[in-house]
Amino acid sequence: MVDVGQKPATHRVAIASGRISMRPATLRLIAAGRARKGDVLGVARIAAVQAAKRAAELIPLAHPLALTRVAVEFTLSRKPAAVRIVARVECRGQTGVEMEALTAAAVGLLTVYDMVKAADRSMTLGQIRLEEKHGGKSGVFRRSAR
């Protein structure tokens, strides 16, 4: 791991997003709350929060961090049929929370897949990316609109 012991603790924020595309019928199943395993987005939200908290256990050289906030939002898109996740992670610390936000987004989408895979094994996860980060020496990063 990189030594961050001499760095000042600052307020750190990272926002990551991703999407899972699926058949329209699968999206309708999620939106109506009729998945056999239960509340797809509710379970995926909890999984994303847990993943952010455990990122250092999954990514070998990531620092364990005391997170102060993890917020997860989902948006349903009808055309094309997809679920988008946005994960915001915050802490006051000596290193950033990008890996925690990215891990939350990825695991949230994997959980959506797991919850409805019996209905649609053709779902595709993608576009997992850092949208924004601020705090610390490197300053602000915001993904430019393309």
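User: Which residues of α4 are buried?

Analyst: Happy to start there, with the reminder that this is a predicted model. The buried residues of α4 are Glu100, Ala101, Thr103, Ala104, Ala105, Gly108, Leu109, Thr111, Val112, Met115 and Val116.

User: What makes the span of helix α4 agree with its 19 residues?

Analyst: Helix α4 covers residues 98-116. At 1.5 Å a residue, it should span 27 Å, and its end C-alpha atoms are 28 Å apart, so the two values agree.

User: Why is threonine 103 called buried?

Analyst: Threonine 103, which lies in helix α4, has a relative accessibility of 11%. Buried means under 20%, so threonine 103 counts as buried. Leaving out residues up to four places away in sequence, threonine 103 touches Ala51, Ala55, Leu58 and Ile59.

User: And why is arginine 84 called partly exposed?

Analyst: Here the value is 34% relative accessibility. Partly exposed runs between the 20% limit for buried and the 50% limit for exposed, so arginine 84 counts as partly exposed.

User: Where is arginine 84, and what is it in contact with?

Analyst: Arginine 84 sits in strand β3. Apart from neighbours within four places in sequence, its contacts are Ser17, Gly18, Arg19, Glu73, Phe74, Thr75 and Glu131. Arginine 84 and leucine 125 are 41 residues apart in sequence, and their C-alpha atoms are 9.8 Å apart in space.

User: How many residues has the largest nonpolar core, and which have the most contacts inside it?

Analyst: The largest nonpolar core has 31 residues, and Met22, Ile30, Val40, Phe74, Val83 and Val112 have the most contacts inside it. Two or more residues of this core come from each of β1 (10-21), α1 (24-32), α2 (40-53), β2 (67-77), β3 (82-93) and α4. The largest share, seven residues, comes from α4.

User: What does valine 83 touch?

Analyst: Not counting residues up to four places away in sequence, valine 83 touches Gly18, Arg19, Ile20, Met22, Leu27, Ile30, Leu41, Phe74, Thr75, Leu76 and Leu109.

User: Which residues line the largest pocket, and how do they divide into nonpolar, polar and charged?

Analyst: The lining of the largest pocket consists of Val2, Val4, Lys7, Leu61, Ala62, His63, Thr95, Gly96, Glu98, Met99 and Glu100. Five of the lining residues are nonpolar, three are polar and three are charged.

User: How much space lies in the largest pocket?

Analyst: About 160 Å³ of space lies in the largest pocket.

Note on methods:
Residues are numbered from 1 along each chain as its sequence is written. This is a predicted model: local features need pLDDT of at least 70, side-chain atom pairs count only at pLDDT 80 or more; totals for chains, interfaces and linings use all residues. Side-chain values use heavy atoms; hydrogens and water are left out. Helices (H or I, at least four residues) and strands (E, at least two) are DSSP runs, numbered from the N terminus. The expected span of a helix is 1.5 Å times one less than its number of residues. Buried means under 20% relative accessible area, exposed over 50%, partly exposed in between (1.4 Å probe, protein chains only). On a 1 Å grid over the protein atoms alone, a cavity is a set of points where a 1.4 Å probe fits but cannot get out, and a pocket is an open set with protein on both sides within 12 Å along at least five of seven lines; lining residues have an atom within 4 Å of a point. Grid points are joined across faces, edges and corners, and a volume is the space filled by probe spheres set on the points. Ala, Val, Leu, Ile, Met, Phe, Trp, Tyr, Cys and Pro count as nonpolar, Asp, Glu, Lys and Arg as charged, and the others, Gly among them, as polar. Contact means heavy atoms within 4.5 Å. A nonpolar core is a set of buried Ala, Val, Leu, Ile, Met, Phe, Trp, Tyr and Cys residues joined through side-chain atoms within 4.5 Å.
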